[in-house]
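Please take a moment with the model shown here before reading on.

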Amino acid sequence: MIVPIEVTYDKEIDARDGLCPGPLLELIRGIRSMSVGAIVAVLASDPGSAKDIPLWIERSGHEYLGAYDERDYTRFVVRKSH
Amino acid sequence: MNKRMSLVVSSGTTDKLSSVASLVAGAAAMEVDVELLLTFWGLEAFRKGARERPPRFDAAYADDGAALVARMQARSAPHWLDTLRDARSIGSIRIYVCSASLELLGLTLADLEDVVDEVTGVATFVDRAKDADIAMFV
């Protein structure tokens with residue numbers, strides 16, 4: 001997929017070395033630390049997180065901006081809605 | 001109101017405690033409130049200095065355990081205690097110890113890691129667990 005070049009991340013969390021559910025917890029902490037409207041990206045490479053992160057984003061009510069596959073990891077992007 | 005999960009943690013091996021910690025972390029992420037009851041070897045594993053003690057596995061898995069530990073180290077897998085601490089910072093996690101086990105192991109609350117919240121009785125724990133959405137014995 002093509003990464004939208006106009007998206008500027010307010011926070012990027014590199015959780016590529018993480019094991020499920022580590023990347024998800026890092027994303028949650030990252031989002032909590034930001035203001036409403038902030039765009040947060042988390043980089044993860046484990047298959048569990050690839051399921052957990054989109055699910056959490058959907059349940060959380062924040063705006064899911066998509067998942068972008070890069071070389072050997074995926075970038076999940078979310079905008080804090082509340 | 002949040003869903004609830006009650007776990008009795010009776011096992012003290014590294015694989016079981018790592019699984020417990022992962023489940024608790026997943027629950028915290030999904031706003032499922034968790035209550036743990038530590039008994040016997042699960043309780044014993046929470047003696048202060050848990051991170052410094054070597055991993056433990058059931059005798060039948062001793063050889064596999066060594067290989068597993070090597071991969072955990074190579075992968076920088078977090079210690080189960082740190083995963084539990086992480087989970088506590090994200091969600092509602094209460095860790096209780098069974099008073100009978102505590103006494104039989106010759107321990108007091110002060111001997112345990114600070115993530116342990118309080119001593120309880122089994123009837124009190126079961127009374128709350130009966131209304132939990134998820135209940136498990138590990």
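A salt bridge is counted here where a side-chain nitrogen of Lys or Arg lies within 4 Å of a carboxyl oxygen of Asp or Glu. The model is a predicted one, and between its chain B and chain A the count by that rule is one salt bridge. The partners are A:R29 and B:D86, whose closest N and O atoms are 3.1 Å apart, a distance that falls within the 4 Å of the rule.

In terms of contact, eleven residues of chain B meet 13 residues of chain A, and six residue pairs between the two chains are in polar contact, with both residues of a pair at pLDDT 80 or more.

From the interface the reader may turn to the pockets. The largest pocket has a volume of about 520 Å³, and of the 26 residues that line it, those closest to its centre are A:L19, A:C20, B:A77, B:P78 and B:T83. Two or more residues of this lining come from each of α1 (22-32) of chain A and α1 (14-29), α3 (62-74) and α4 (80-90) of chain B. Among these elements, α1 of chain B gives the most to the lining, with six residues. By kind, the lining of the largest pocket divides into ten nonpolar, nine polar and seven charged residues.

The second largest pocket, with a volume of about 410 Å³, is lined by 20 residues, and B:T14, B:R53, B:P55, B:H79 and B:W80 are those that lie nearest its centre. Here α1, α3 and α4 of chain B each supply at least two residues of the lining, and the lining of this second largest pocket divides into ten nonpolar, five polar and five charged residues.

Methods:
Residues are numbered from 1 along each chain as its sequence is written. Chains are lettered from A and ligands numbered from 1 in the order in which they are written. This is a predicted model: local features need pLDDT of at least 70, side-chain atom pairs count only at pLDDT 80 or more; totals for chains, interfaces and linings use all residues. Side-chain values use heavy atoms; hydrogens and water are left out. On a 1 Å grid over the protein atoms alone, a cavity is a set of points where a 1.4 Å probe fits but cannot get out, and a pocket is an open set with protein on both sides within 12 Å along at least five of seven lines; lining residues have an atom within 4 Å of a point. Grid points are joined across faces, edges and corners, and a volume is the space filled by probe spheres set on the points. Helices (H or I, at least four residues) and strands (E, at least two) are DSSP runs, numbered from the N terminus. Ala, Val, Leu, Ile, Met, Phe, Trp, Tyr, Cys and Pro count as nonpolar, Asp, Glu, Lys and Arg as charged, and the others, Gly among them, as polar. Contact means heavy atoms within 4.5 Å. A polar contact is a pair of N or O atoms within 3.5 Å; within protein, one must be able to donate a hydrogen and the other to accept it, and residues adjacent in sequence count only if both atoms are side-chain atoms.
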